[in-house]
Amino acid sequence: MISKTMSRLAGNNSAIRAMFEEGNRLAALYGRENVYDFSLGNPNFPAPDAVKDAATDILETVDPMSLHGYMSNAGYDFVRKAIADNLNGRFGTDFSEKNIIMTVGAAGGLNVILKTVLDPGDEVLTFAPYFLEYGNYVSNFGGVLKAVAPNTETFQPNLDAFREMLSPSVKAVIINTPNNPTGVVYSDATLRALGDIMREKESEYGHEIYLISDEPYRELAYEGVEVPYVTKYYDNTFIGYSWSKSLSLPGERIGYVVIPSEMADFNTTFEAASIANRVLGFVNAPSLQQRIVARCLDSKTDLSGYDDNRRTLYNGLTERGFECVFPQGAFYLWMKTPVDDKEFVQAAKEYNILVVPGSSFACPGYVRIAYCVAKSTIVNSMEGFGRLAEKYGLKKV
Ligand code: PLP
């Protein structure tokens, strides 16, 4: 008999995955080009050439015993140093290799962080709508995830509700900016106010409350929108970063965690997080990928294709009368549904349009539309969206 938690998870496989399977079913019936699948956050632009060049050169020139060997749990010193220098150059921070731990993507990084800070029964707060995997990551360590209700005007965190929920049982707070699923980037004012509330409660309760910033979409911000660097707002901050989206490398599982020197009990915390990497079974992040990203710190996926998709989708939907949040970052558009979100998702399938219900992000009444797809998918889906708008009597703008 397997564990109760895992048999429950196996039983209700996520709605996103179910949607993926539905996409394949519809494609077999109607042809792939006639299915408008906006369900998955898988980058659709290839990794920059610099990635392939670096991989080839590393495989040809680095001694295989050193290339493929074990290393310290935090990762290669020279890779961590290169990342620290790059961050310092871009954000005016003061990191060294001692502040960076290489991880198996952002997901691996979040699990390392939560393993480091949580005791069973500790509460973790996050802001709805949120990436539902957080619930699994938190429960991996016996924690309890609670979501702060959204501010549906702006989808910036609802800080009044947050203050109310920030009880002495809360050990950590997870934020995600640029945000999946809303595309919102948390502003300087938001982060300042969030930091102030957390500092106030830390001193009131007399224990640390950790801020965990999940940032796989940091490099995906449009039109010069600035994504503030979170360690500047609050000392007890962990950052979880990955190259899954910024270099289109989701399958390679490479990222890092930042632990700033201002963190309470810095040395012990850093050591504990390195050990968490080991005892969770990651041991260290993939060695070839570490070396590759160290050579590609200035490379980026070209954002112009995502940006074009973003505008085409937003304009197309709003022209048809849908209410949408104009995305500032990531590659998701968050749209209000004229009826119950699950009902809307079913109705959209009639037109071969696949989108994810807001309920899958703890925020019913909306859908997430991932625009990391071919532009033709967006253009050709508009007839179906138009029919949906008519069906629900939406007024054209
Ligand atoms: N956090 C958020 C908000 C995500 O959307 C994702 C992936 O889609 C992850 C974390 C996991 O990213 P990674 O592939 O780096 O583990």
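A: We begin with a definition: Ala, Val, Leu, Ile, Met, Phe, Trp, Tyr, Cys and Pro count as nonpolar, Asp, Glu, Lys and Arg as charged, and the others, Gly among them, as polar. With these classes, the lining of the largest cavity has eight nonpolar, three polar and three charged residues. Please keep in mind throughout that this is a predicted model.

Q: What makes a space in this structure a cavity, and how many cavities of 30 Å³ or more are there?
A: A cavity is a set of points where a 1.4 Å probe fits but cannot get out, and a search of the whole structure finds three of 30 Å³ or more. The largest cavity holds about 110 Å³ of space. It is lined by 14 residues, and the closest to its centre are Arg90, Glu219, Tyr241, Trp243 and Leu297. Helix H5, which covers residues 77-91, supplies the largest share of that lining, with four residues.

Q: Which residues line the second largest cavity, and how do you know to which classes they belong?
A: The second largest cavity, with about 60 Å³ of space, is lined by Phe127, Ala128, Pro129, Ala149, Pro150, Asn151, Phe155, Gln156, Pro157, Asn158, Asn179 and Tyr186. The lining accordingly has eight nonpolar, four polar and no charged residues.

Q: What kind of peptide bond joins alanine 128 and proline 129, and where is proline 129 found?
A: That peptide bond is cis, with omega at about -5 degrees, and proline 129 is found in the loop between strand S3 (123-127) and helix H7 (133-139). Another cis peptide bond runs from asparagine 180 to proline 181, with omega near 20 degrees, and proline 181 lies in the loop between strand S5 (170-176) and helix H9 (188-205).

Q: What makes a space a pocket, and which residues lie nearest the centre of the second largest pocket?
A: A pocket is an open set of points with protein on both sides. The second largest pocket has a volume of about 320 Å³ and a lining of 16 residues, of which Arg32, Asp37, Cys372, Val373 and Thr377 lie nearest its centre. Helix H2 (15-30), strand S1 (36-37) and helix H14 (375-391) are the elements that give two or more residues to this lining, and H14 gives the most, with three. By class, the lining has seven nonpolar, six polar and three charged residues.

Q: Why is H3 called oblique to H11?
A: Helix H3 (residues 49-61) and helix H11 (residues 287-295) pack at an angle of about 125 degrees, with their axes 9 Å apart. An angle of 65 to 115 degrees would count as roughly perpendicular and one over 145 as roughly antiparallel; the value for this pair falls between those ranges, so H3 is oblique to H11. The contact is made by Val51, Ala54, Ala55, Asp57, Ile58 and Leu59 of H3 and Leu288, Arg291, Ile292 and Arg295 of H11. These residues divide into seven nonpolar, no polar and three charged.

Q: What makes H6 oblique to H10?
A: Helix H6 (residues 105-117) and H10 pack at about 120 degrees, with their axes 8 Å apart. The roughly perpendicular range ends at 115 degrees and the roughly antiparallel one begins over 145, so H6 is likewise oblique to H10. Their crossing is right-handed.

Q: How do you know whether H12 and H14 are roughly parallel or roughly antiparallel to each other?
A: Helix H12 (residues 304-319) and H14 pack at an angle of about 5 degrees, with their axes 10 Å apart. Angles under 35 degrees count as roughly parallel, and H12 and H14 are therefore roughly parallel to each other. The contact joins Asp308, Asn309, Thr312, Leu313, Gly316 and Leu317 of H12 with Lys375, Ile378, Val379, Met382 and Phe385 of H14. By class, these residues divide into six nonpolar, three polar and two charged.

How values were computed
Residues numbered from 1 in each chain as written. Predicted model: local features only at pLDDT ≥ 70, side-chain atom pairs only at ≥ 80, totals over all residues. Heavy atoms only, no water. 1 Å grid on protein atoms, 1.4 Å probe; cavity = no way out; pocket = protein on both sides within 12 Å on 5 of 7 lines; lining within 4 Å. Points joined across faces, edges and corners; volume = space filled by probe spheres on them. Axes fitted to C-alpha atoms, helices over the stretch in contact; angles between N-to-C directions. Contact = heavy atoms within 4.5 Å. Left-handed = near helix turned anticlockwise from the far one by under 90°.
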